[in-house]
Amino acid sequence: MRHIISILLENEAGALSRVSGLFSARGYNIESLTVAPTEDASLSRMTIVTSGSGDVIEQITKQLNKLVEVVKVVDLFEAPHIERELMLIKVRATAKERDDMKRMSDIFRGRIIDVSEDTFTIELTGTGQKLDAFIEALGRGVILETARTGACGISRGQRVLRI
Amino acid sequence: MELSGAEILIKCLQAEKVEYVFGYPGGSVLFIYDELFKQTKIKHVLVRHEQGATHAADGYSRSSRKIGVALVTSGPGVTNAVTGIATAYMDSIPMVIISGQVPTHAIGLDAFQECDAVGITRPCVKHNFLVKDVKDLALTMKKAFYLATTGRPGPVLVDIPKDVTTAKCKFEYPETITMRSYNPVVKGHPGQIKKAMQLLLEAKRPMVYAGGGVILSEAAAQLTKLVRMLGFPCTNTLMGLGGFPATDKHFVGMPGMHGTYEANMAMQNCDVLVAIGARFDDRVIGDPAHFGQVPRKIIHIDIDPSSISKRVKVDVPIVGHVPDVLDDLIKLIEASKQRPEPKALHAWWAQIELWKTKDCLRYDRKSKIIKPQFVLEKLYEITKGDAIVTSDVGQHQMWAAQFYKFDKPRRWINSGGLGTMGFGLPAAMGAQMANPGASVVCVTGEASFQMCIQELSTCKQYRLPIKVVNLNNRYMGMVRQWQQFFHGNRYSESYMDALPDFVKLAESYGHVGIRIDKPADVEPALKEAFKRTDELVFMDFITDQTENVYPMVGGGKGLTEMILAEDL
């Protein structure tokens, strides 16, 4: 089953490779991994989307907690949560396609953030599924390039991940 | 006053009361060696290969409560040390490794003797550091010693670029340290301990299964008290030997791939199993699915949460420092009026006694060729069970574990997790350094011994009177055994040809060598060797080439699917 694991870790050189090394050494999946400093610059927050049985996810969280630089680990799937991913997508948009493309972007609540003679670059956020659906809806023929961030997530309501 | 990084490093080691550093100099660590030269508190032991330095530091740690320290240079110094670091990591041995690194400005430019030490060692250390600024050095060293020795112990590597060893700053060694990201649990959860107590007191067929965690956490006294007060059978894993006295009537031998029949049967057929500082390793419980077929309640006490429910689901997990948890558990049992039902316990012991009649460790005592088991029995007799025994890896290791009865912790030093051939001799050096007056024996085989044979030279230089018991069967015995059992007797590359004359070899290093090829000569040779208290004696026992280690649970088999000597 798919899980989103959020990790607070010391913002130090090499911390990322300890986490990614752990996943490869123990044969755990990484569907996506994002990381950036938090409002406290000494901490980074990492979001890993992984999949595995309950036992595997339990081991993943235990092994992550064991890493010396990891401060806190939470499996967002334990409680209601929100996940979002950002995609920048560059599509072909020549004269006759431009209106259609604009409409499609609006339907998905995308924003066109760059325009050239033959292209649009659209910014779109949502769940991974929504981004997939947008790609599907456009059709592969018009897509020139995509850049996706991978998911990041946060718990709903009062639950917070902080030290 | 400002000190150089090299001076600061030495001051840190002194502050940690380090007696010995096992190492090998090289370009990147020259300033550190210069500072070592200028002081007398820390003694440096010059090994002949960096693998020897890490194994020696490891043996030093295992045989004492002190921490082993190794010092190696950059590049090949580090890569040579990796085997020893991984060995310590697999067995959770506290150790600090200091490695030299090329100057900070040269890092990443493929400089001479550069390697990514932190990257290469990352998967086989508890933690590691690259010190880029001399101002961080003292704090980093403090962290390294703290991390290595607390929680589940392990090796910690500190990589120090050459320019950091010359850069200067004020030295201040922190007294204490706290790290927000590292807080090992010490006290066990009282509710869980209570649950464990209830299970233990209601058990009809209880079994205590104790591992290396008991040795590492100094919990032998608590374990012994618990087992004796409850009257339960107890088994010690390969890493746990000595955690409970092997000569005690409650001891049923080692479990696992080469465990005793009675220990394995009891592990499988008990109704309550309490695992203490053990990790349900594949060599201990065999196939986890087979192990899980039998309904039993499992209590697991361990400092490392990730060891719990990793291979086997447990019913009562207790995370904590083993001696503290056992103290709490013993107190609860003492306060409780309930005791295990004597009738049930009596019946269980009767069953175990029946299993014991299999006499699973028997061998041909009338053999005209030396049987390796016989050598170990004699070794046990002559040393009165009180030697520190290190071993290499293979058949001799298993026979030593089966036939030498360890009554005390830290007397049995072997590479259980990684299974590193070449470990025995350098580990014995470390053990002898940590225990100057003790009898230190290295039980080895002609194949393993040759993997770190160069350390005979170190033994001479530091006058280490180690006794080497070489069980020479001209085969990689354990490989040959597997090939006999599982590969149709095709002994692919497992023979040992072109062996040196070990007697002459020992003599050429300035040691004493004895060759023994008759059973009648075994005892006299051992006696002669132990009389020579100030010399290394290499005993080359020419043993039966066809002898196998029994019982044996084949790889991936169930724990009770044992091959016994009588089956073949």
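In chain B, helix 8 lies across strand 9, strand 11, strand 12 and strand 13, and runs at about 135° to strand 13. Helix 11 (residues 261-269) of chain B also packs on the sheet, where it touches strand 9, strand 10 and strand 11, its direction making about 115° with that of strand 9 of chain B. Here helices (H or I, at least four residues) and strands (E, at least two) are DSSP runs numbered from the N terminus, and two residues are in contact if their C-beta atoms, placed from the backbone, lie within 7 Å. Axes are lines fitted to C-alpha atoms, for helices over the stretch in contact, and angles run from 0 to 180 degrees between N-to-C directions. The model is predicted, so that local features need pLDDT of at least 70 and side-chain atom pairs count only at pLDDT 80 or more, while totals for chains, interfaces and linings use all residues. Residues are numbered from 1 along each chain as its sequence is written, and chains are lettered from A and ligands numbered from 1 in the order in which they are written.

The sheet itself is open and consists of five strands of chain B in the order 10-9-11-12-13, with parallel pairing, where two strands pair if DSSP finds at least two bridges between them. Strand 10 and strand 13 (316-319) of chain B stand at the edges with a single partner strand each, so one side of each has no neighbour in the sheet. On average, and with direction ignored, neighbouring strands of this sheet are turned by 15° against each other. Strand 12 (residues 297-302) and strand 13 of chain B run parallel and are joined by four bridges, and H300(B) stands opposite P317(B) in strand 13 of chain B.

Helix 10 (residues 220-230) of chain B contains several buried residues, including A220(B), L223(B), V227(B) and L230(B); a residue is buried if 20 or more other C-beta atoms lie within 10 Å of its own, exposed if 12 or fewer, and partly exposed in between, with C-beta atoms placed from the backbone. The cover over the buried residues of this helix includes helix 8 (190-202), strand 9 (206-210), strand 10 (234-236) and helix 14 (322-335) of chain B. Just after helix 10 of chain B, G231(B) takes a positive phi of about 70°.

Strand 16 (residues 440-445) of chain B is largely enclosed by the rest of the structure, because six of its six residues are buried. In a regular strand the side chains alternate between the two faces of the sheet. In strand 16 of chain B both faces are covered, with V440(B), C442(B) and T444(B) buried on one side and V441(B), V443(B) and G445(B) buried on the other. Strand 16 of chain B pairs in the parallel sense with strand 14 (residues 388-391) of chain B over four bridges, and with strand 17 (residues 467-472) of chain B over five bridges. V443(B) is the bridge partner of S391(B), whereas T444(B) stands opposite N470(B) in strand 17 of chain B.

By contrast, E381(B), which is placed in helix 16 (residues 372-382) of chain B, is exposed, with 11 other C-beta atoms within 10 Å. Over chain B as a whole, the secondary structure comes to 23 helices and 21 strands, and buried residues make up 55% of the 568 residues.
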